[in-house]
Amino acid sequence: MDQNYDPNNCETTAQKFWEQKKSFIVTEQADKEKYYCLSMFPYPSGKLHMGHVRNYTIGDVVSRYQRMMGKNVLQPMGWDAFGLPAENAAIKNNVAPAKWTYENIDYMRDQLKSLGLGYDWSRELATCHPEYYRWEQWFFTRLMEKGIAYKKTAPVNWCPNDQTVLANEQVEDGKCWRCETVVERRELSQWFLRITDYADQLIDDLDSVEWPEKVKTMQRNWIGRSEGMEVDFDVPGSDPLRIYTTRPDTLYGATFMAIAAEHPLSLAASKDNAELAEFIQVCKTTNTAEAEMEKMEKLGFDLGINAINPVNGEEIPIYVANFVLTGYGTGAIMSVPAHDQRDWEFAKKYGIEIRQVVAPEDGSDIDLDKEAFITKEGVSCNSGPIDGMDHKAAFNMVADELEAQGKGIRKINFRLRDWGVSRQRYWGAPIPVINCDSCGSVAVPEQDLPVVLPEDVEFDGVGSPIKKMDSFKKTTCPKCGKPAERETDTFDTFMESSWYYGRYASRDQKDAMLDSRVDYWAPVDQYIGGIEHAILHLLYARFYHKLLRDEGLVNSDEPFKNLLTQGMVLKDGSKMSKSKGNTVDPQGLIQRYGADTVRLFIMFTSPPEQSLEWSDSGVEGAYRYLKRLWKAIFEHVDAGHKLVPLDTKTHNSDQKAMRFKLHLTLKKVNDDFGRRLTFNTAIAANMELMNHLSKFSDMTDQSVAIRQEVLESIVLMLAPIIPHMSHQLWQELGHDSIIIDHQWPKVDESALVQDTIEMVVQVNGKVRGKIEVSTDADKASCESAALENEKVQRFIDGKEVRKVIVVPKKLINIVV
């Protein structure tokens with residue numbers, strides 16, 4: 001064994017061994033408990049960042065630990081390869097998105113391997129490969145048959161210069177991020193999936209998964225189940241305006257209506273009103289992102305038309321408003337400015353009446369000149385027959401009356417909207433639809449799948465190249481045989497990431513999307529990723545899993561049993577980013593210190609779910625600890641001691657104390673790894689154990705045997721975290737077996753049984769000494785030993801002992 005720790009040699013040797021032995025390739029074993037550990041797969045952006053390193057190290061530590069617990073562990077890896085960044089890079093670097101993506105995958109794969117991550121690379125997939133998205137296309141055609149996939153018009157952000165749809169984040173101050181053209185809001189025909197049909201299941205099934213409560217709450221709020229009413233407001237000479245409200249008890253306070261710019265009433269009025277037509281055009285430049293609409297100035301245009309309030313017959317004005325979208329709800333809302341801040345601001349701006357109809361339950365005063373009074377409950381006022389009623393009673397009375405008159409109906413509604421899966425981008429999976437003038441939208445027949453995305457294209461960012469390619473677009477209708485055109489929109493990339501976990505289980509299956517193997521592995525036992533994916537990705541994956549279940553492709557209700565959301569990696573108090581210039585290159589650290597040092601630092605510095613503050617000195621500290629561990633084992637092995645079996649019956653008090661410390665540590669680490677996932681405290685406990693061992697200087701045969709037991713246990717406990725070093729040290733300690741296949745060490749409960757215990761002695765509440773007594777010592781024996789202690793006697797000599805308080809097995813307080 002070399003005296004000095006050489007991480008490069010150590011890690012190269014271990015990684016070659018794992019690759020040659022195919023150590024992490026697994027198959028289904030019916031007689032063995034499975035464990036599926038999955039970290040969210042990366043976008044191949046070019047290089048790993050420290051957030052990646054943290055995410056994938058956590059997953060690898062969990063996987064290696066579960067393997068040592070005797071489970072059949074699957075830990076795969078792949079690439080979330082479609083998406084907008086590749087298009088941006090293509091423009092910047094004058095390279096096709098496909099070429100840029102594949103080169104990045106090759107580089108990042110090598111980076112992942114250099115970290116020693118125990119992946120089953122035989123299952124590697126990339127979502128941009130036709131053999132992957134072929135099955136996504138097939139499944140979409142099945143959803144079309146069921147009516148779950150459907151087409152409708154919806155508002156999008158449109159750049160008229162680049163002739164393309166922009167994501168909300170690509171709209172900066174109302175302009176295109178790339179060419180700074182003013183963005184328009186357009187209505188385009190797009191494909192949707194009926195996720196709203198599954199809204200109740202998506203809420204209810206959250207109770208069946210072990211996820212952070214914060215994430216569950218975020219999903220429940222996003223789905224937003226509410227009980228309310230659909231209410232019709234008559235409009236003389238036009239169809240009624242239908243609105244949805246969760247507070248029919250506030251109808252008496254509705255003083256205006258707001259409708260979307262594209263509402264039929266708006267468009268009809270604009271034909272003879274140039275000023276209104278211009279306002280509608282301005283509304284079309286509004287960003288459709290909900291967050292942006294919250295912040296923007298609220299603008300309106302009085303149509304000069306009134307609606308009739310169904311509860312009191314009052315005529316109230318109708319405004320076209322820029323904060324109402326056609327695609328959300330009915331495209332019309334009733335506005336109660338006294339009890340909604342947005343409506344309050346709008347009413348103040350346009351001089352509309354603000355009428356209080358809800359009062360605080362405690363009778364306190366409110367000031368509607370300052371702001372709206374918002375409450376979930378309250379007591380009705382200025383509301384005729386419901387005055388003085390609480391929210392529930394008032395709700396029911398108004399609802400009953402409106403239903404009796406045929407002007408309203410109780411309805412459960414959801415904030416969640418159907419999932420728009422069309423993207424007017426190039427670098428994505430083509431939607432498998434053919435548009436025929438005679439037959440409409442026709443699904444591509446199964447035998448003609450996949451619809452392959454052309455990869456050898458010139459990409460300039462102005463529109464999608466496939467929209468200009470007749471060789472891609474022109475085809476014939478599968479139904480009537482007439483000339484037709486392919487759909488040139490591509491799928492939202494969340495589609496690919498919504499089922500990849502299942503495809504890993506059936507990676508080599510060429511004749512089906514999934515096969516029976518998925519039911520051996522799914523659901524994922526531990527899923528790991530950032531909190532930023534708490535809503536969209538995780539919600540869509542849960543929905544997609546239920547679609548797969550209803551198609552008979554999986555037999556479980558949820559895709560992920562347990563979820564761990566790791567914190568961000570910070571440097572100088574803020575998130576690492578290129579723009580801030582505070583990034584750290586993982587590859588440079590690996591070359592300098594080795595992957596095990598990086599892994600140890602990542603796992604030691606912070607619990608997984610909390611943010612990690614980067615520290616160069618912390619990395620140095622992790623490296624020093626590894627060198628210290630290496631040196632301790634070198635000295636132990638180099639001494640050439642003959643090892644004898646442990647004989648616990650012959651152990652003296654120091655030997656018993658050393659084994660007590662070892663097995664107490666192991667018991668704690670078991671809990672840290674298996675239940676709490678607090679790897680930082682497990683590492684700290686091992687460091688403390690090493691300190692304890694350094695003071696254990698006895699070199700008798702039994703002490704050498706105990707030293708061997710302690711060093712072996714440390715190597716085993718740290719094996720999931722520092723796998724390369726553990727691989728070599730295990731062999732240096734005299735083992736022919738491979739540590740990744742070794743059983744996790746077991747606690748010797750007999751070592752935790754103590755003959756004596758240490759008790760603290762206080763005098764008037766201040767610690768003055770410590771005594772060692774038999775574990776079964778009675779109160780009198782403890783008192784006597786405390787009073788006779790030499791250090792304690794200095795503080796009680798010549799003083800009257802008034803009382804002695806004994807807290808069994810903990811402390812003794814002498815009151816003088």
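In this predicted model, the axes of helix α19 (residues 616-638) and helix α22 (residues 701-718) come within 11 Å and cross at roughly 145°. The crossing of α19 and α22 is left-handed. Two packed helices are described by the angle between their axes and the distance between the axes. The residues that make the contact are listed by helix below.

| Helix | Residues making the contact |
|---|---|
| α19 | Tyr625, Leu629, Ala632, Ile633 and His636 |
| α22 | Val704, Arg707, Gln708, Leu711, Ile714, Val715 and Leu718 |

Sorted by class, the residues in the contact of α19 with α22 are nine nonpolar, two polar and one charged.

In soluble globular proteins, nonpolar side chains tend to be buried together. The largest nonpolar core of this model has 174 residues, and the members that touch the most other members are Phe140, Met513, Leu548 and Trp614. For Trp614, once residues up to four places away in sequence are not counted, the residues touched are Met50, Val569, Leu570, Lys571, Met576, Val584, Leu589, Phe601 and Val619.

Ser266 counts as buried because its relative accessibility is 0%, and buried means under 20%. With neighbours within four places in sequence left aside, Ser266 is in contact with Ile259, Ala260, Ala261, Leu276, Ile280 and Val320.

Definitions and conventions
Residues are numbered from 1 along each chain as its sequence is written. This is a predicted model: local features need pLDDT of at least 70, side-chain atom pairs count only at pLDDT 80 or more; totals for chains, interfaces and linings use all residues. Side-chain values use heavy atoms; hydrogens and water are left out. Buried means under 20% relative accessible area, exposed over 50%, partly exposed in between (1.4 Å probe, protein chains only). Contact means heavy atoms within 4.5 Å. A nonpolar core is a set of buried Ala, Val, Leu, Ile, Met, Phe, Trp, Tyr and Cys residues joined through side-chain atoms within 4.5 Å. Axes are lines fitted to C-alpha atoms, for helices over the stretch in contact, and angles run from 0 to 180 degrees between N-to-C directions. Helices (H or I, at least four residues) and strands (E, at least two) are DSSP runs, numbered from the N terminus. A crossing is left-handed if the near helix is turned anticlockwise from the far one by less than a right angle, and right-handed if clockwise. Ala, Val, Leu, Ile, Met, Phe, Trp, Tyr, Cys and Pro count as nonpolar, Asp, Glu, Lys and Arg as charged, and the others, Gly among them, as polar.
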